[in-house]
Amino acid sequence: MPTDKELKKMLKEKASKNPEEYFAVDVLKQEGYSRHTCKNCDTYFWSIEDTDVCGDPSCSGGFGFIGDSPAKNELDYIQTWKTFAKFFEQRGYEPIKRYPVAARWREDTDFVQASIYNFQPYVVSGEVAPPANPLVVPQFSLRFNDIDNVGITGAHYTGFVMIGQHAFMPPEKWDQRKYFEDIHHWLIKGLGLPRDEVKYHEDAWAGGGNFGPCMEYFSRGLELGNQVYTRYEVTGDSYKELKLKVLDMGMGHERNAWFTKGASTSYESTFPTVSKKLYDITGVKPDDAVIRKFLPYSSYLNVDEVDDINKTWQEVARKMNMPVEDLRQQVLPLSQVYSVGEHARTLLVALSDGLLPSNTGGGYNLRMLLRRALQFIQKNNWDVDLSDVCEWHADYLKPIFPELSLNLDDVRKIIGVEEKKFAETRRRGADLVKRVVQKEITNEMLVELYDSNGISPDVIKDEGAKQGVKVDVPDNFYALVAERHEQLEQATQTKKKEKIPIEVDATKSLYYQDWKAPEFTAVVLGIVDTWVALDQSYFFPTSGGQQHDTGTLNGQKVVDVIKQGAVVLHKLEDEPKFGVGDAVQGLVDAERRKQLTQNHTATHIVNGVVREYLGNHAWQAGAAKFPEKARLDITHYEPLSETQLREIERRSNEIVKKNVPITKSFIPRNEVEDEYGFTVYQGPVVPGKELRIVNIEGEDVEACGGTHLNRTGETGTITILKSSKVQDGIVRIEYTAGDAAEKVAAGQDDLVKELAELLNCEPAQIPARAEELFGKWKKAVKKKKQIDSYELESVSEFDGDVLARTAEILKTQPEHLVKTVKRFKEELENAK
């Protein structure tokens, strides 16, 4: 399969030979533009003036609008979107709300990185209708490959708004001329740019399995946006025309506001109120004269595009006619102030949209960002509270993103937990830093120390200076950290299962109609070894975390059921005694089906309660439903207390008692997103243009293909068994429902009796006796320590905490208490 880079190169060369086929050349000529070739980069571009230099800053000498913007209409950050939206609404486009930055409808990415991500793959492929057509959207997007450039170049962000102009049209309705005219008129009339201040570059774009020609537009060295005409879909080693032609214009919100202001940096124009507060608190303010001279060359310091960053600093300093160290002292503290402000804004949006920092997956990027901001605050001894900075951003952005003000309490809690984790990590790593600087420090060691111990490279550099050791920190350090995690994630990808070699028509899935699993008759479509395909089936295949049904086909045991594409395959215990074309009688194990269905519906009930109780950040990260119990993995920043578990259990059973109706229906994807939002995407990505929606009315709505009850009252009692931390940022809740819950309760009664015998008391006296036992143990340990430095062996302070909370834990985990009491009694014997 060709790479995106290869596709872009191929199409760019092809389009350059016949621009009339790929671009709105007639509009350009009508407006007085002519085609030229850049003497520096060989790019074909269009301009009013007769010139051989394109608009790219590396060719045209950097930014030329600082303090002297050619835009007649000065727009602040909020006005930029509002003016754009009104301008395009008058031209037939519908402004829509942004999508969440957590791309839960896609399985190929964690984050939305551009506005077109909202519509891939289903809208772009023509399977699903767009929310409006044509449309414009202020899409907040996340990209973490530019972390090291934030604050330095004046134009780089980890979180930014991609203003999108989109249309999804069949060839006969495609009007590229109009789309280009609309964006051209925005530049001329919306921003108030003279035509000779705009240059258009011919180029190509590829990404997400699609590609097409594009027209970039520049003014005074700044790329204001890029209009892509997506025409092709990658198919293996080749490509084909899309059924729809797609307009994908992406315009940097931050850049356009910056450009019209002509401000010294884009950060001042993007978050002006936050910048002012940070200036006041930190005492760091830009020297306007120096920054104005610096910014035209700041784009040269992109660490991703230079081989020797120190040499580039020297070159920029030479152009500015000032010593390089003086330049660094002016720029670097300011870049750290802007990084704190920029990172806080990204965290505000990401955490508000339900993402969490962690040490794995996309959450690692958020943790890296948060800790980088904290390191700058601590390093400079600034009295800055990162949560406060998030709140300042939310207040400023309220006119366009009011939803960011709704989850500030959650954002503050999450950042507070992360700050404690970071402080503990730094405390543990203090002695390590003193030891490692005595060795030769490589880039790999710096990345490992940061990744495993949270130790900033600046801390190691400072400690090295104290010991007379020079430590060189690469300017692209955070890019190296992100790259390491990308490689680790790729290395742990799971392999695909072996496919059963069978080619038959799709199976009609009867289990969607009736969970009560009646008998059914079906025709055998195919047989491979002991695997059987039928034309229709009530047997539920393992999927979505729910275990498969068992039962019989013509009396032969069905031991496994899977779904391969659209075909349900039934594995028999023995070779089938029937053949292809035969009619067979199916019978599903009704008790197993009932228990699985109760546990699955209980999962939805518990998940809905968790989101309501814990907050917007709590999403389903995984689930499994077995006959005897179920488990739900949720994103949460700390372990759940016993009190929280009891409250989740209480609220869940309240919903059961209400006997709420549960509806199951297939609804077009775009209608689902419009009516219910993106919280329907819990757990794994659900494919297809139609989604099966399970709606527990007023409590929980999810896209789900599992078996579900008709009313919550059929679930029976929900009993939470225990909770544990699965990995950083993921908490597991185990529970059971219905008949299985009653069996658990009976088993717990037996354990309580055993516990009472161990403590030689009545069940009601267990908490008091357990506390007494804990007191004796503490006295014994204290006495023993005074004699011979007694070390704890079989019990721990955690066990002591468990024992001290006997009254709480007795309800759900008596088996744990039995083990704990036994260990304490043994320990007391050893201490004598």
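Please bear in mind that the model is predicted.

I begin with strand β4, residues 135-142. Of its 8 residues, 8 are buried, so the strand is largely enclosed by the rest of the structure. Leu-135, Val-137, Gln-139 and Ser-141 point to one side of β4, while Val-136, Pro-138, Phe-140 and Leu-142 point the other way, and all are buried.

What are the pairing partners of β4? Strand β3, residues 94-95, pairs with β4 in the parallel sense over 2 bridges, and here Glu-94 has Leu-135 as its bridge partner. Strand β5, residues 159-169, pairs with β4 in the antiparallel sense over 8 bridges, with Gly-164 of β5 opposite Val-137.

I turn now to the backbone. Most peptide bonds are trans, and most residues other than glycine have a negative phi. The bond from Asn-133 to Pro-134 is cis, with omega near 0°; Pro-134 sits in the loop between α6 and β4. A cis peptide bond also joins Gln-120 and Pro-121, and Pro-121 belongs to the loop between β3 and α6.

Positive phi values near 55° occur at Asn-381 and at Asn-659. Asn-381, in the loop between α14 and α15, is exposed, at 69% relative accessible area. Asn-659, in the loop between α21 and β20, is partly exposed, at 31%.

Finally, the surface. Asp-529, Glu-573, Asp-574 and Glu-575 form a negative patch. Among them, Asp-574 lies in the loop between β16 and β17 and is partly exposed, with a relative accessible area of 46%.

Note on methods: Residues numbered from 1 in each chain as written. Predicted model: local features only at pLDDT ≥ 70, side-chain atom pairs only at ≥ 80, totals over all residues. Heavy atoms only, no water. Buried < 20%, exposed > 50% of the residue type's maximum accessible area, 1.4 Å probe, protein only. Helix = DSSP H or I, 4+ residues; strand = E, 2+ residues; numbered from the N terminus. Pairing = 2+ DSSP bridges. Patch = residues over 30% accessible without salt bridge, like charges linked within 9 Å, V, L, I, M, F, W, Y side chains within 5 Å. Areas by Shrake-Rupley, 256 points an atom, 1.4 Å probe, with all protein chains shown as cover. Salt bridge = Lys/Arg side-chain N within 4 Å of Asp/Glu carboxyl O. Lys, Arg positive; Asp, Glu negative; His and termini not counted. Charge placed at Lys NZ, Arg CZ, Asp CG, Glu CD.
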